Amino acid sequence: MTNLDIVGDNIDRLVNVELRPRRRGVSAKLYESARKKTGRPLTLEAAERLTKKVKRSDTVIISSGFMVPFWFPKGETDGVLGAAALARAIHLGLEAKVLLLCEQEVAPVMEATLRAATMRTFNYADLKKMPIAMAIESFPM
């Protein structure tokens, strides 16, 4: 086992912590099933596949958002944070374009999160023209 595998195992453990009081064990079962297919940490596998596939100026699409108008009128927040972190890593690390897709209600939250992560967004038309950029496109709920 390499140091990267150890780091990947630890990251996998962190992202698989279940906080829901009901339906416990679902994530663990899904994780174990997927892990059997790769034989290695899933986060490490995903990172390596991204670095092999994504080239400079390629466009990567990230979708996030989960609307429950009464409970989450601006969308849930953990997906937005994760999407922003992933977008920043792809944008800076792989020098790729990133298109983030989300519901209209989530778009301002996504933009503010990216701004807080020191990332600037452009509109989709500009994204197509620029070698490296990031844009948010929304759709109605």
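Colleague: Which residues of helix 5 do Val80, Leu81, Ala83, Ala84 and Ala87 in helix 4 meet?

Modeller: This is a predicted model, in which local features need pLDDT of at least 70 and side-chain atom pairs pLDDT 80 or more, while totals for chains, interfaces and linings use all residues. Residues are numbered from 1 along each chain as its sequence is written, and side-chain values use heavy atoms, without hydrogens and water. Contact here means heavy atoms within 4.5 Å, and helices are DSSP runs (H or I) of at least four residues, numbered from the N terminus. The partners in helix 5 are Val109, Met110, Thr113 and Leu114.

Colleague: How many salt bridges does the structure hold?

Modeller: A salt bridge pairs a side-chain nitrogen of Lys or Arg with a carboxyl oxygen of Asp or Glu within 4 Å. Arg40 and Glu48 form one, at 2.6 Å from N to O, and Asp126 and Lys129 form another, at 3.9 Å. The total for the structure is 9.

Colleague: How many residues apart are Glu45 and Arg49 in helix 3?

Modeller: The side chains of Glu45 and Arg49 meet in a salt bridge of 3.0 Å, N to O. Both residues lie in helix 3 (residues 42-53), about one turn of the helix apart, and the number of residues is 4.

Colleague: Is Glu45 buried or exposed?

Modeller: Buried means under 20% relative accessible area, exposed over 50%, and partly exposed in between (1.4 Å probe, protein chains only). Arg49, at 52%, is exposed. Glu45 has 15% relative accessibility, so Glu45 counts as buried.

Key:
Helix = DSSP H or I, 4+ residues; strand = E, 2+ residues; numbered from the N terminus.
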